[in-house]
Structures are given as C-alpha cells and as structure tokens.
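Welcome! Take a look at the sequence and the 3D structure below, and then let us walk through a few spots together.

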Amino acid sequence: MPLVTSKQMLLDAQAGGYAVGAFNAENMEMVQAIIAAAEELKAPVMIQTTPSTVKYASLDLYLANVTAIAKKTSVPVCMHLDHGSSFELAMQALRTGYTSIMIDGSHSVFEENIALTKRVVDACAPSDVPVEAELGKVGGKEDDLDGGAGGYTVPEEAKEFVEKTGVGSLAVAIGTAHGVYSGVPKLDLDRLSEIRKLVSIPLVLHGASGLSDEAVQESIKRGICKVNFATELRIAYTDGVKKVLADAPDAFDPKKYGAAGRENVKQLVMNRIRVCQSNGKAK
Ligand SMILES: [Zn+2]
C-alpha cells in the first residue's frame with residue numbers, strides 16, 4: 001500500500017497498549033528486511049533515516065526504496081526522518097515525501113527547542129505530516145549524534161513543551177542511550193509515568209538497542225507508543241556479512257553477503273516487533 005503517516009499508527013498503538021517499532025535502515029537490504037518482517041507478522045512499521053544516513057545516500061533514494069517495497073505489501077509503512085538536525089533538513093524531508101518528521105532541538109535550551117519545534121510543526125501542518133520532537137537529552141553516541149551524558153526529561157517541562165509546540169509525539173529521556181550500552185541501563189520508569197500523567201500525546205523511546213525485553217514492555221505499559229531500534233540492526237547486518245566473508249574469503253558477489261545481512265536483520269526485526277506487541281496490529 002502507499003506510505004502512511006505516523007499519526008494514526010501511533011494513536012492506534014496508544015489506544016491498543018502496544019508500540020510501533022521504528023527501525024533505522026542504511027541500505028536497500030535493510031529496508032527489504034524490515035518490511036518483510038513486518039509483512040510476515042502483520043505489523044505496522046516505521047522505517048527511519050538519520051541525517052548521517054541521508055548524507056550517505058539521499059532522502060529521495062531511501063524514500064524510493066521504501067515506497068517501492070511498501071507498495072507490494074499489505075501492512076502500513078511510514079517513512080520517518082530520525083533526529084532531524086535543522087529546520088532546513090526537516091523541510092527537505094517534507095518536500096521529498098517523508099511521511100513523518102522528527103526535529104531534534106534537544107541540544108538547545110528549552111525556549112529555543114520550543115521555537116524550532118513549533119516552526120517545523122507549523123510548516124508540516126498543511127501537508128498533515130506529523131512531527132516528533134525530543135525534550136531532555138537521550139545520551140550516548142550514534143553516528144554524528146552525541147547526546148553526551150544525557151539529561152532526564154522534566155515532566156512539567158514536557159507538558160509546557162507539548163502545549164506550546166502542538167507536536168504530535170515526544171521522545172523522552174528516561175535513562176536510555178544511543179549506541180551500545182557498556183552496562184545495564186537503569187530506566188527511570190516513575191519519571192515516564194509522571195510524564196504520561198501530564199502529556200496525552202504518544203511518547204517515544206530512543207536508544208532501545210540492548211534494553212531487556214522486560215524494560216521495553218514496561219515502558220510501553222507506561223505510555224511509550226514508538227520504540228526506536230538502530231544500533232542493533234547495524235550490528236545484525238554487519239554480522240551476517242562478516243560471517244559469509246569469514247567462511248568464504250574469496251567471495252566477491254555483493255548479493256551473497258547482502259542476503260546474509262538481510263536475513264539477520266529480518267530475524268531481529270521480527271523479534272523486536274513481538275517485544276513491542278505490534279504483531280497482528282496492521283490495519
Ligand atoms: Zn534517537
């Protein structure tokens with residue numbers, strides 16, 4: 001089917017008590033893997049690209065891949081800009097045809113984050129493209145993103161932020177980090193519940209690679225409607241490629257190791273869709 005926006009997808013998840021899995025893709029094989037996994041489990045799914053991924057190829061190349069594959073599937077697929085780093089990039093994604101956009105002003109002070117987010121929300125409104133923002137800093141490192149040590153979202157600020165920006169969904173910082181965890185992350189779930197009490201829009205969890213299934217599910221119970229998975233997909237893809245090349249160092253056909261990476265990603269995404277309990281939720 002044609003691409004859909006994230007709006008109804010996330011509202012359905014919120015009403016149904018599950019989360020939509022949002023998966024970062026870096027190449028055609030990963031796009032194929034994510035959509036194949038969603039199709040097999042009848043799950044709505046979001047595919048997203050960060051600014052560094054967009055720089056590697058281009059917005060329209062990723063969008064064309066996703067659109068072409070989504071067209072042949074029966075599950076809703078949304079194309080999302082992850083961590084949009086500027087108003088200009090958000091507008092480029094909008095014009096290109098992305099159906100969901102994140103503007104990440106979390107590195108700015110509170111008022112500047114509000115102003116930037118509101119500007120993007122207003123610009124996307126005529127096209128009905130929903131906007132995700134971030135308040136508080138999700139720590140850790142992923143590509144060029146460096147959240148540093150992170151700073152937790154303050155519930156009262158979240159309320160004010162949502163009221164002033166009219167944003168569609170909000171990424172909250174409750175102790176997760178991007179990249180690979182060195183220890184077991186400790187989530188501040190009470191903080192999440194506090195935010196939920198004050199904010200009615202769908203909440204988003206970043207940095208879920210490496211979190212336990214229980215931690216992800218508990219956060220969903222407390223209001224998370226979208227869970228981002230990036231780092232572990234990259235690891236799964238690369239592990240598949242490495243294994244083929246280790247077994248057959250003379251292999252030279254990109255299709256051979258690409259297929260192995262793709263299968264690894266598909267299995268991982270199916271697992272994560274089940275953790276998010278979005279399987280069988282495609283409409
Ligand atoms: Zn993130």
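Gly 97 follows helix α5 and has a positive phi, near 120°. Helices (H or I, at least four residues) and strands (E, at least two) are DSSP runs, numbered from the N terminus. Please keep in mind that this is a predicted model, where local features need pLDDT of at least 70, side-chain atom pairs count only at pLDDT 80 or more, and totals for chains, interfaces and linings use all residues. Residues are numbered from 1 along each chain as its sequence is written, and side-chain values use heavy atoms, leaving out hydrogens and water.

**Helix α5**
- Phe 87, Leu 89, Ala 90, Met 91, Ala 93 and Leu 94 of α5 are buried (under 20% relative accessible area, with exposed over 50% and partly exposed in between, using a 1.4 Å probe and protein chains only).
- Among the elements covering these residues are α3 (51-56), α4 (59-70), β3, β4 and α6; covering rests on contact, meaning heavy atoms within 4.5 Å.

**Helix α6**
- Helix α6 has 15 residues (110-124), and at 1.5 Å a residue it should span 21 Å, which agrees with the 21 Å between its end C-alpha atoms. The expected span is 1.5 Å times one less than the number of residues.
- In α6, the buried residues are Phe 110, Asn 113, Ile 114, Thr 117, Val 120, Val 121 and Cys 124. They cover an arc of only 140° around the axis, so they sit on the same side of α6; the arc is that of the directions from the helix axis to the C-beta atoms.
- Why can that happen? An α-helix has 3.6 residues a turn, so residues three or four places apart point the same way.
- The cover over the buried residues of α6 includes α5 (87-96), β4 (100-103), β5 (131-135) and α7 (155-165).

- His 206 is in the loop between β10 (203-205) and α9 (213-221), and is buried, with a relative accessible area of 1%.
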